[in-house]
Amino acid sequence: MMEIIQKYFPNLSAEQQQQFAALDALYRDWNAKINVISRKDIDNLYEHHVLHSMAIARMVNFRPGTRILDFGTGGGFPGIPLAILFPECQFKLIDGTGKKIRVAQEVCNAIGLKNCHPEHLRGEDEKGRYDFVVSRAVMPLPDLVKIVRKNIAKESKNALPNGILCLKGGNLEAELQPFRKIVESAGLSTWFSEEWFKEKHVIYLPL
């Protein structure tokens, strides 16, 4: 199952490969206790969840020291795969459901992920400042912008100015309409050849 990760990210360190490889057993075990991934979908963990999360890395290569907030992380997506991929960046993962955050925390502990900090917190209560907010189909973009605008740091240190990076599916025309002059959208099939990615996008909105 790891082959799909190595196919698109062939330059992972031995530690990163071990961390990614450990995710399958960990999520199967925790998912049996606390449902964070559809039971039908657990066999597609690496394609539908891990690689999907890593698509954000095709839009921006986070520089060391970048601070990222994963809003509505659920069981740790996209934050955990990105934290493995960018060990010199800091990730905070928040979700309003405590059981899901527990899964994310236990997975981080099990693979020794030191740059990833899950916390049971609603987005409205998050006070920190970050270079980017990432999320995976948590809510419509206009609603997300209202909540996280306060969390975007003013000074940018990456090739892309600070803002929001969202993973979305389906027809996004209406949702992106209010931001049509500044939003960027990339289809994931640009980078990944698997059929499942055809209707999937990564959206970047500078704030």
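Me: Before we start, what makes a helix crossing left-handed or right-handed?
Reply: A crossing is called left-handed if the near helix is turned anticlockwise from the far one by less than a right angle, and right-handed if the turn is clockwise. Please keep in mind that the structure above is a predicted model.

Me: OK, so which way does helix 2 pass helix 3?
Reply: Helix 2 passes helix 3 in a right-handed crossing. The axes of helix 2, residues 14-33, and helix 3, residues 45-54, come within 11 Å and cross at roughly 130 degrees.

Me: Why is helix 3 described as largely enclosed?
Reply: Nine of its ten residues are buried, so helix 3 is largely enclosed by the rest of the structure. The buried residues of helix 3 include His48, His49 and His52, as well as Leu51 and Ser53.

Me: Back to helix 2. Is Gln19 buried or exposed?
Reply: Gln19, which is found in helix 2, is buried, with a relative accessible area of 7%. Leaving aside residues up to four places away in sequence, Gln19 touches Ile84, Ile111, Gly112 and Leu113.

Me: New topic: how many aromatic pairs does the structure hold?
Reply: The structure holds seven aromatic pairs. One of them is formed by Tyr27 and Phe77, a tilted pair with 5.1 Å centre to centre and 35 degrees between the planes.

Me: Where in the chain do Tyr27 and Phe77 sit?
Reply: Tyr27 is in helix 2, while Phe77 is in the loop between strand 1 and helix 5, so this pair links distant parts of the chain, 50 residues apart. Both Tyr27 and Phe77 are buried.

Me: What kind of pair do Phe62 and Phe86 form?
Reply: Phe62 and Phe86 form an edge-to-face pair, 5.1 Å centre to centre with 70 degrees between the planes. Phe62 counts as buried at 4% relative accessibility, and Phe86 counts as buried at 7%.

Technical notes:
Residues are numbered from 1 along each chain as its sequence is written. This is a predicted model: local features need pLDDT of at least 70, side-chain atom pairs count only at pLDDT 80 or more; totals for chains, interfaces and linings use all residues. Side-chain values use heavy atoms; hydrogens and water are left out. Axes are lines fitted to C-alpha atoms, for helices over the stretch in contact, and angles run from 0 to 180 degrees between N-to-C directions. Helices (H or I, at least four residues) and strands (E, at least two) are DSSP runs, numbered from the N terminus. Buried means under 20% relative accessible area, exposed over 50%, partly exposed in between (1.4 Å probe, protein chains only). Contact means heavy atoms within 4.5 Å. Rings of Phe, Tyr and Trp (its six-membered ring) pair if their centres lie within 6.5 Å; planes under 30 degrees apart count as stacked, over 60 as edge-to-face and the rest as tilted.
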